[in-house]
Amino acid sequence: MSQAAPAIPEKLFFKIGEVCEIAGVQAHVLRYWESEFPTLAPQKNRAGQRTYRRRDVEMALRIKELLYDEQYTIAGAKKKLASEIRGGSAREASTSMTAKAPGRSLSPPPSLVGRIATASPASPTAPHGNDQRAALRQIAKELREILDLLDEGEIEAVSTRAKKR
C-alpha cells in the first residue's frame, strides 16, 4: 500500500461514498469498521444517512493503515488505537481533532441519575406510557440535533482559527 496519506478535502461533512473514495474501501467495509471501532462513529442526518466529519475520515484512514499496511488483526487494531488515544502518541498529537475525546455524552449527569431511578416509571400498558416514550424520543432527537449544531460551530471555529494562522 502507498505510504502517502490521501488528501482530505477541506469540508465539514462527507458522505459515505466520499469517505470510501478517500480511504479506498467499499461502503460495507466502513460500516463494518463502525461496528467494531467505537472511535469511528459518524453522525446520521435527518434522512438517516451517515455524515462523516474530518476526524471520522482520519480515523477510517488510520484503521485502514493498521489493518492493511501494518497487518494488525481487528482486535490488535482496537488495542493499538486505544493505546494511541490514551497515550497521546505523536501521531494523535498532530491530529488534535482525532485525539480529542468526544466532549459530550448523551448519558444523564450524576445529579439526575438518582432522580430518574427514583421516579415511578410508567407501565408499558399504561395509556400514556407510549405517548411519553414517543415524546422522550422526540426530545432526544432534538437534543442530538442541537449537539450536532454545536459541533458544527466548533468545527467552523477551529477551521477559522487555522485559516488565520
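Buried means under 20% relative accessible area, exposed over 50%, and partly exposed in between, using a 1.4 Å probe and protein chains only. Helices are DSSP runs of H or I with at least four residues, numbered from the N terminus.

This is a predicted model: local features need pLDDT of at least 70, side-chain atom pairs count only at pLDDT 80 or more, and totals for chains, interfaces and linings use all residues. Residues are numbered from 1 along each chain as its sequence is written, and side-chain values use heavy atoms, without hydrogens or water.

**Stop one: helix α4.** Select residues 74–87. Now pick Gly76, Ala77, Leu81 and Glu84, which are buried. Look down the axis: the buried residues of α4 fall within an arc of 130°, so they line one face. That arc is taken from the directions from the helix axis to the C-beta atoms. Turn to the face away from the buried side for exposed Lys79, Arg86 and Gly87.

**Stop two: helix α3.** Select residues 54–69 and find glutamate 65. Glutamate 65 is partly exposed, at 21%. Its C-alpha lies 9.5 Å from that of alanine 77, twelve residues apart along the chain.

**Stop three: the aromatic pair.** Rings of Phe, Tyr and Trp (its six-membered ring) pair if their centres lie within 6.5 Å; planes under 30 degrees apart are stacked, over 60 edge-to-face, the rest tilted. The count is one pair. Select tryptophan 33 and tyrosine 68: ring centres are 6.2 Å apart and planes at 70°, so the pair is edge-to-face. Tryptophan 33 sits in helix α2 (residues 27–36) and tyrosine 68 in α3, 35 residues apart. Tryptophan 33 is buried at 2%, while tyrosine 68 is partly exposed at 32%.

Notes. Helix = DSSP H or I, 4+ residues; strand = E, 2+ residues; numbered from the N terminus. Expected span 1.5 Å × (residues − 1).
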